[in-house]
Amino acid sequence: MKYRNPVLSGFHPDPSVCRVGRDFYLVTSSFEYFPGVPVFHSRDLVHWDQLGHCLTRESQLPLRKAGASQGVFAPTIRHHRGLFYMTTTNVSAGGNFIVTANHPAGPWSEPVMVRQEGIDPSLFFDDDGSVYYTTSRDGALQSRIDVKTGALLTEPKVVWPGTGGQYPEAPHLYRRREWYYLMIAEGGTEYGHMVTIARSTSPWGPFTPCPRNPILTHRSFRSPIQVLGHADLVEAESGEWSAVFLGVRPVGYPPCYHLGRETFLSPVTWAEDGFPVIGQQGRIELEMESSLEPAPGPAAAARDDFDSLTLGPQWNFLRNPDPACYSLAERPSHLRLRGSAHGLGDIASPAWVGRRQRHFSLRAAACLEFSPETENEEAGLVARMNETHHYEIFVTRRGTMDCVVLRRRIGSLHAEVACEPLSAGTTSRIILAIDADRERYRFLYGAAEGGLKCLGQGETRYLSTEVAGGFTGVYLAMYASGNGSPCKRPADFDWFDYQEHDEPSR
């Protein structure tokens, strides 16, 4: 089967995978977004369907004080004796914890805290019943734990510091035949990122590094894929091995990426020296070959008509949502947002519902009904990287007129770059859209889908990690805000479209 990388496009970093029978399950990081830790299912490691999220309650995931790129860091998913385990770190509240479920679609348990320092926790269940907990702190910091209570049964110690690269992180312990393998990422989640591995006959070491380290990297290598690292290994039912890992697809020069860190896949073979080989001696391509049988799932619907009383798994809130800010029941087949005092620049939870930008070329559009009463009130669409880097097209009041406005914020610079009055026929119902390609966003509006007018544009690079910082990617969201006081009237979204556009092969 030929497949294209990434297998999960857009902001899906730090992947971890496990297998149960013929089924694979995968989780990724989610940071300040709620629900947290999306969980996916596949039969072929290429086609993934989102089942939901591991963390769906505020008691599992308190995020009210989480800044941009804070909250939930890298998760690990494992399965042992009929139970699924997911462990991760909430760097904004509580630290490391474990949740469990009988099925990865949930419901997942309340957190069991693990009082071990470090981030990027991982679990390993050994044949003798021992459970090892490995985190990233000055290398691979490891202890043996009681997995039911989270209690440390041994004092944590660094079992391998890595090969000398900065920020040794993302440790995973495996066993294959008589060997224990410890795999980590080094170099930082940037252009020097790499994956290294060592092995020992004991989970406590001493660990001998692979003589071919790093076993995965594109550092100083010309490729449309960069920043490869944070890998996890999985063995298929047939005995074939694969690796999932993060990477990015930079745009322009100097290169920068705005979709975030994505999930990539590569076959793995085992060399005569007993160490794994990822891809072609540690290199991968946009198009690769897998020996697994293809098992595509149903295609995702382009339009969400909001005709259910629950949002689909593709949608997120900013931090823990205020239930008073949104409703799917007050007006049937509409998403109703009630703008609070919080705005797009606040570290808070505004009336905001968004989904990841997963493709370079696309159109995101929504049908909005909104009648602002004051100049502070607004509702519309936003392309968001964080609180200080976002573009939005919105309906608001200017004097005695309803207007459509384009605003851009890049760090401390923010300005309304276009403002046009709305005619009487479009004030109550308007279509807003964002067209994207690799280098720019175009913002459009109109009374009908076939007659949209461009209000202005903004460069993608100013919403990139290299400019905005952080660990996430761009979200496309519907929002409403009173910018200091609650909106007097709600904003009703009739539908939201997400349509990928074709672009030339690269």
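Me: Strands are DSSP runs of E with at least two residues, helices are DSSP runs of H or I with at least four, and both are numbered from the N terminus. How many helices and strands are there in the protein?
Reply: This is a predicted model, where local features need pLDDT of at least 70, side-chain atom pairs count only at pLDDT 80 or more, and totals for chains, interfaces and linings use all residues. Residues are numbered from 1 along each chain as its sequence is written, and side-chain values use heavy atoms, without hydrogens and water. By the DSSP runs, the protein has 1 helix and 39 strands.

Me: Why does the radius of gyration agree with that of a compact globule?
Reply: The radius is taken over C-alpha atoms, and the globule rule is 2.2 Å times the number of residues to the power 0.38. For 506 residues the rule gives a value near 23 Å, and the two agree because the protein has 23 Å.

Me: What percentage of the residues in the protein is buried?
Reply: Buried means under 20% relative accessible area, with a 1.4 Å probe and protein chains only. Of the 506 residues, the buried share is 58%.

Me: What share of the contacts with a separation of 6 or more joins residues 24 or more positions apart?
Reply: A contact means heavy atoms within 4.5 Å. Among contacts with a separation of 6 or more, residues 24 or more positions apart account for 57%.

Me: What is the volume of the largest cavity?
Reply: On a 1 Å grid over the protein atoms alone, a cavity is a set of points where a 1.4 Å probe fits but cannot get out. Points are joined across faces, edges and corners, and the volume is the space filled by probe spheres set on them. The structure holds 2 cavities of 30 Å³ or more, and the largest has about 50 Å³.

Me: Which strand gives the largest share of the lining of the largest cavity?
Reply: Lining residues have an atom within 4 Å of a point. Here they include Phe-317, Asp-322, Ala-351, Trp-352 and Val-353. The largest share is 3 residues, from residues 351–356, which form strand 29.

Me: How many nonpolar residues are in the lining of the second largest cavity?
Reply: Ala, Val, Leu, Ile, Met, Phe, Trp, Tyr, Cys and Pro count as nonpolar, Asp, Glu, Lys and Arg as charged, and the others, Gly among them, as polar. Ala-74, Thr-76, Asp-120 and His-230 are among the residues lining this cavity of about 40 Å³. Its lining has 1 charged residue, 3 polar, and a nonpolar count of 5.

Notes. 1 Å grid on protein atoms, 1.4 Å probe; cavity = no way out; pocket = protein on both sides within 12 Å on 5 of 7 lines; lining within 4 Å. Buried < 20%, exposed > 50% of the residue type's maximum accessible area, 1.4 Å probe, protein only.
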